[in-house]
Amino acid sequence: MKILIVDDFSTMRRIIKNLLRDLGFTNTSEADDGSTALPMLQNGNFDFLVTDWNMPGMTGIDLLKAVRADEKLKNLPILMVTAEAKRDQIIEAAQAGVNGYVVKPFTAAVLKEKIEKIFERVAASQ
Amino acid sequence: MLGADNFDSRVLGDGGVDMLGELKTRALALVEKLEQGDFPGASELIQRINEARDRSIYREVGKLTRGLHEAIVNFEIDVAGSEGDNISHMANAQERLDYVINLTQKSADKTMDMVEAGIPVVERLGSDAKTLHADWQRLIRREMKPDEFRDLYHRIDEFLGQTGSSSAILSEKFNSILLAQDFQDLSGQVIKKVITLVQEVEDRLVDLMRVAGQVEELTGVFSQVEAVQLAPARDVVAEGPQINAQQRADVVSGQDDVDDLLSSLGF
């Protein structure tokens, strides 16, 4: 299971990386912006994407839309982990095809639950 | 064009009321001249009426100019930095906030370093204890041979020593983590200073706007401000972390709200 973590704050990337490691996911990579993440996804055989919303170059929502529009990547499971908490944004992300939405600050339990739920649904649809 | 409505004592100041009286007197005299057919006389009166109005305007413009100059100077001192400083106070505020970001970054990294160093110590302690415990159970059940027991004897000694040193290591990590929280105090102080600075800038801007408003009233020139069009570029604007979520209807207050919203929409 290869996971890409995208957030412009290195502190947050480190926290998520550690939480994923605790859950048994040790194969993780990082990107600090949507614009650097997209080529990594296109070339990298990732199984899961965790991304923030607010990033200076390409935002998480734009990354989400770009991934869903890419023929090779459109089925990639995506979890958004973000401080953005407006209803409109949550709805926009859901309509753009995000698989899960976690608001910051979050707990390890919440992250675990959302990831497990996403993989359950992925398994069920196959 | 100046209308009588704009000439009130607030704009004209002390001379204002006298101004109106003087103008009225002259206007009445003008009408008289015109009725008498005295064109040169009437012309001269019109000239004098204009001069009286002009004097009044010049006086007021002078006052406003001084007021504006003062507001700008204050603004520069508080915001742009007086001649003694090397950088403007706004640049100062930016530097301070950069400092806060760096400080909190360092503290977070240090704390996480301590945690990451402590985790393997704890894990090893746990797994060694588990193995030893299993063997000790065998001993209790009398399933252990004498040479196995000799081995266990030494391993327990080793384990007890390891527990002691692991405790010391973890205590040291915990203390470091505690100390790394000092960023809160330091960044809090810096942020307070920036809040003060921003307040000062706002006060000065309000001063400037007040004076500018008076200039507009005097000249009768009101800038045409078209209805402000919000940039339609993005329909949904990202706002960052919500500070007062409970006061807004368009914002969720936590993960449970997010989950409720999504499931209510069928996601």
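Reply: Start with two terms. Helices (H or I, at least four residues) and strands (E, at least two) are DSSP runs, numbered from the N terminus. Two strands pair if DSSP finds at least two bridges between them. Now the ground rules. This is a predicted model, where local features need pLDDT of at least 70, side-chain atom pairs count only at pLDDT 80 or more, and totals for chains, interfaces and linings use all residues. Residues are numbered from 1 along each chain as its sequence is written, while chains are lettered from A and ligands numbered from 1 in the order in which they are written.

Me: Which residue stands opposite A:Met80 in strand 5 of chain A?

Reply: That is A:Tyr101. Strand 4 (residues 78-82) and strand 5 of chain A run parallel, joined by 4 bridges.

Me: In what order do the strands of the sheet in chain A lie?

Reply: Strands of a sheet pair through backbone hydrogen bonds, either parallel or antiparallel. Here 5 strands make an open sheet, ordered 2-1-3-4-5, with parallel pairing. Strand 2 (28-31) and strand 5 (100-103) are the edges, each pairing on one side only. From one strand to the next, the twist averages 20°. Axes behind such angles are lines fitted to C-alpha atoms, for helices over the stretch in contact, and angles run from 0 to 180 degrees between N-to-C directions.

Me: Which helix packs on the sheet?

Reply: Contact means that the C-beta atoms of two residues, placed from the backbone, lie within 7 Å. Helix 3 (residues 60-69) of chain A touches strand 1 (3-6), strand 3 (48-51) and strand 4. Its direction makes about 175° with that of strand 4.

Me: Which way do the residues of strand 1 of chain A point?

Reply: In a regular strand the side chains alternate between the two faces of the sheet. A:Ile3 and A:Ile5 point one way, A:Leu4 and A:Val6 the other, and all are buried (20 or more other C-beta atoms within 10 Å of the residue's own, C-beta atoms being placed from the backbone).

Me: What are the bridge partners of A:Ile5 and A:Leu4?

Reply: A:Ile5 has A:Glu30 in strand 2. A:Leu4 has A:Leu49 in strand 3. Strand 1 joins strand 2 by 4 bridges, and strand 1 pairs with strand 3 over 4 bridges.

Me: How many residues does each chain give to the contact between chains A and B?

Reply: Chain B gives 20 and chain A gives 22. Helix 7 (255-264) of chain B gives the most to the chain B side, with 4 residues.

Technical notes
Buried ≥ 20, exposed ≤ 12 C-beta atoms within 10 Å, placed from the backbone.
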